[in-house]
Amino acid sequence: MCGSLFLSPCATLFGLYYIMHALSLLVLIFSGMDRSKQGNASPEDHELELNLPNLLLTKTVRELYAKIVKEWDFLKKSACQTAAGRALWKHVIHDPLADVLAGETYLRNLHEKIMKDRHNNAREISGVILAVRTLWFDSKIEAVVDSLGGAAQVVLLGAGMDSRAYRLSCLKESDVFEVDFPEVLQVKAALLEEALESTEHLRLMAKSLTRVAADIRDNDWLEKLQISGFVPEKNTVWVLEGIIYYLLNSQAMQVLKIVGEKCTLTHTVLLADFMNKASTTLSSATFHFYSDWPDHLLPSLGFSHVKLSQIGDPDAHFGLMHDPLNLFNKLRNLPRSVETHPDDGTPCCRLYLVQASGSPNQTVSLKASSQRSI
Ligand SMILES: C[S@@+](CC[C@H](N)C(=O)[O-])C[C@H]1O[C@@H](n2cnc3c(N)ncnc32)[C@H](O)[C@@H]1O
């Protein structure tokens, strides 16, 4: 999704596609593959005129974005790229803050990609993975919070420009914690202050929102979370969206271990997206941690139930994956043990959407069922 961050055109998967710097970017990694006509839902023409909100043109907001462009590395900037995806897929995602959290540069970059894809009748339109991923996390958060009685804590690791605390009414009894680098959280807070001042109907939906400045590669992030009010004994939903594959293997395993250990204390649910090995090789400088079998890995870390979905599966579809010949439908119909596509020998790059849960007595009443995909 980050047009300005193209590395080089270097791989083919049902045609030409590109290597990007962040996963938001799987969106583009997987776009532009097959240029034949198809029927997947994509932003409508009239919705694709890029109308920037006036707020983006104000002096304060421009200055904040100048700081992002000048000072942030690609990892922090990926937060704006995913927000741009939510903003430009607004026909399926309700995120009224996404425009202002994305910023003009990222909106323009992605907008250009979408227009090109549409012009070329691409089978997969840039941003579609992000749209499905967002909707999958939204639906799972809602279902899990509901099944835990509404008052679960929700911790977003690598929260970036996520605005769920302002847009999901299911969080009304939940204490939400957003963990990210201090620079990201500071700019986000300043942008939100501007947005909330200028728009009457926007307000916090969650019971509370606490921002926790921490690097989850460090040993002290959990302590910082607890100092900020997180209660380890309270039912918790951990949201790791677009974050885990940026970490080195040992760092990612440590984070997953810390979360898994919470299953011995309380109802614990992990919602996360995992890359398989082939996906990380698309940009080995950017992506590190992978798991081809997260449904085998997570039980070894304390989770008793694991459900794995792939883009296009019945719970990861959202009406955006009608075309049986699109990349995702082809991939999910291949056994997961298959590493290269039988048609053309290209690597099977997969993104797994995973819900894992556990509790002290291991009798989680969540609907999550243990399911091993093909
Ligand atoms: C691709 S963005 C995803 C943001 C958000 N979860 C979403 O889906 O829109 C990745 C986010 O993870 C944050 N991040 C990456 N590494 C991190 C680390 N070691 N500690 C804390 N945050 C990190 C980045 O700053 C960025 O905001």
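1. Basis. The model is predicted, so local features are given at pLDDT of at least 70 and side-chain atom pairs count only at pLDDT 80 or more, while totals for chains, interfaces and linings use all residues. Numbering starts from 1 along each chain as its sequence is written.

2. Overall content. The protein has 13 helices and nine strands; these are DSSP runs, with helices being H or I of at least four residues and strands E of at least two, numbered from the N terminus. Of the 374 residues, 50% are buried. A residue is buried if 20 or more other C-beta atoms lie within 10 Å of its own, exposed if 12 or fewer, and partly exposed in between, with C-beta atoms placed from the backbone. Among contacts with a separation of 6 or more, 72% are between residues 24 or more positions apart. Two residues are in contact if their C-beta atoms, placed from the backbone, lie within 7 Å.

3. Sheet order. Seven strands make an open sheet with mixed pairing, in the order β5-β4-β3-β6-β7-β9-β8. Each of the edge strands, β5 (208-213) and β8 (305-310), has a single partner strand, so one side of each has no neighbour in the sheet. From one strand to the next, the twist averages 15°; axes are lines fitted to C-alpha atoms, for helices over the stretch in contact, and angles run from 0 to 180 degrees between N-to-C directions. Two strands pair if DSSP finds at least two bridges between them.

4. Pairings of β9. Strand β9 (residues 351-358) pairs with β7 (residues 268-275) in the antiparallel sense over eight bridges. In this pairing, Leu-271 is opposite Gln-355. β9 also runs antiparallel to β8, to which six bridges join it, and Val-306 stands opposite Ala-356. Although β8 is an edge strand, five of its six residues are buried.

5. Ligand shell. There are 24 residues around the ligand, and Ala-79, Thr-82, Gly-158, Gly-160 and Gly-242 come nearest. The elements giving two or more residues to this shell are α3 (74-88) and β4 (175-180). α3 gives the most, with five. A residue is near a molecule or strand if its C-beta atom, placed from the backbone, lies within 6 Å of it.

6. Shell composition. By class, the shell has 12 nonpolar, six polar and six charged residues. Here Ala, Val, Leu, Ile, Met, Phe, Trp, Tyr, Cys and Pro count as nonpolar, Asp, Glu, Lys and Arg as charged, and the others, Gly among them, as polar. Domain 1 (3-127) and domain 2 (129-358) each supply at least three residues to the shell; the domain bounds come from an automatic or database domain assignment.

7. Ala-159. This residue is in the loop between β3 (153-157) and α7 (164-167). Ala-159 counts as buried because it has 25 C-beta neighbours inside 10 Å. Not counting residues up to four places away in sequence, Ala-159 touches Glu-178, Val-179 and Asp-180. Val-239 is 80 residues away in sequence and 8.4 Å away in space, C-alpha to C-alpha.

8. Pro-232. The loop between α9 (221-227) and β6 (236-240) holds Pro-232. Pro-232 has 14 C-beta neighbours inside 10 Å and therefore counts as partly exposed. Leaving aside neighbours within four places in sequence, Pro-232 is in contact with Gln-226, Lys-262 and Leu-265. Its C-alpha atom is 9.7 Å from that of Thr-268, 36 residues apart along the chain.
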